[in-house]
Amino acid sequence: MINNSDLLTTAEAVRLLPKAELHLHLEGSISLKTLIELAHQHHVQLPPKLHAEAVLEYRDLDEFIDVSMFAFQVIRTSEDFTRVTFEMLSHCAEHGARHVEFFFSPSSHRHLGYPQILQAICGGMRLAEQRFGITSLIIPSHNRMLGAEAGLNFLKLIESCPAPEVVGVGLEFAERNYPPELYGVLFGKAKKMGLRLTAHAGEDGPAAYVETCLTLLSCDRIDHGYHVIDDNDLMGYCKDRGVWFTCCPTTTKHTTTWKQLTSSEHAIHQMIAAGLNVTINTDDPGFFQTDLTQEYLSLGLPLETLACLALNSLEASWMPGPEKARLRELWQAEIDDIIQRHQAH
Ligand SMILES: [Zn+2]
């Protein structure tokens, strides 16, 4: 028997779906409010574009990177890192995330060393887990614009400071002029260290970059990956191997030519229609002014499909297998209940 008070609108149902968030940058998660407060505190001059009431738009990936770089200037102290981590995970929990695997860019921070940053981030993670029960893992990510040599130093930092929270490494920032083959040695060494591997590819770079990430870099996941749709053979390869893609709908409006999120021509819809393993994520929710509920809703898909995408996110996560199996049963029961309460609406 379902009471009226139990009935769910689509937006409420989507918010409640248990999800894992797998493509989220700590620095890009910062809210405008916190960004402005920290800038004030550290006497950093922000560009006129970044003000409290701003509605942020970007021409392309390069302009987005220019604007988002201000986050690296204002997140400076241990307190800042703990605060931003806690706020990010609170925001995720509010939108149904139960588990988060997030990037941060060690080489792009100048004010604090890697061990201190790691400790401060872990502090924020513990606080969020105590408060919301949300679990999380860290994926330090190499800023590919700093080059391959800097990537090896980045890996040395990770090696010098082992932590169970650090589950893998990523590759981020401007893609087109920094093809993945430059980072073959870096990824080979990371793999030997037992780290999981993912890379941003096929966002504004070609399908060939996605292929190189899978074959040469041995990536476990691909972040974005949209241009995979330009290569039918590669699509078949990804489908056969069950490659996971961490897609971010709102990002595509700003950094790609796919602007209509509900169109069947949009790369994410084409990937889903082709049977690829897609997950939905927020990327840089502070700078794109979005959240996980909005990202799921933005594609205009039925709740049942969104529930499958939510379960996909658990499968694609890097948490231990037995834990995933335990959660799968719990999540499925919750999802069944949510769908029933939504249908009765
Ligand atoms: Zn990203």
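Modeller: On a 1 Å grid over the protein atoms alone, a pocket is an open set of points where a 1.4 Å probe fits, with protein on both sides within 12 Å along at least five of seven lines; lining residues have an atom within 4 Å of a point. The model is predicted, so local features need pLDDT of at least 70 and side-chain atom pairs pLDDT 80 or more, while totals for chains, interfaces and linings use all residues. Residues are numbered from 1 along each chain as its sequence is written, and side-chain values use heavy atoms, without hydrogens or water.

Biologist: What is the volume of the largest pocket?

Modeller: Grid points are joined across faces, edges and corners, and the volume is the space filled by probe spheres set on them. For the largest pocket this gives about 290 Å³.

Biologist: Which element gives the largest share of its lining?

Modeller: Helices (H or I, at least four residues) and strands (E, at least two) are DSSP runs, numbered from the N terminus. Of the 21 lining residues, those closest to the centre include Ser29, His91 and Gly286. Two or more residues come from each of α5 and α13. The largest share, 7 residues, is from α5.

Biologist: Which residues of α2 are exposed?

Modeller: Buried means under 20% relative accessible area, exposed over 50%, partly exposed in between (1.4 Å probe, protein chains only). In α2 (residues 32–41), Leu32, Thr34, Leu35, Leu38 and Ala39 are buried. They fall within an arc of 160 degrees (directions from the helix axis to the C-beta atoms), so they line one face. On the other side, the exposed residues are Lys33 and His40.

Biologist: How far apart are the C-alpha atoms of Phe287 and Leu32?

Modeller: Phe287 sits in helix α13, and α13 (285–288) is among the elements covering the buried residues of α2. With 1% relative accessible area, Phe287 is buried. Its contacts (heavy atoms within 4.5 Å) include Leu35, Tyr58 and Phe64. Phe287 and Leu32 are 255 residues apart along the chain, yet their C-alpha atoms are separated by 7.6 Å.

Biologist: Which geometry does the zinc ion site have?

Modeller: Donors are N, O and S atoms within 2.8 Å of the metal (3.2 Å for Na, K and Ca); water is not among the atoms, so sites may look incomplete. Here they are His23 (NE2), His25 (NE2), His200 (NE2) and Asp283 (OD), 2.1 to 2.3 Å from the ion. Four donors are tetrahedral if all angles lie between 85 and 135 degrees; four are square planar and six octahedral if opposite donors are over 155 degrees apart and all others between 65 and 115; anything else is irregular. With angles of 83 to 174 degrees, this site is irregular.

Note on methods:
Lists of a residue's contacts leave out its neighbours within four places in sequence.
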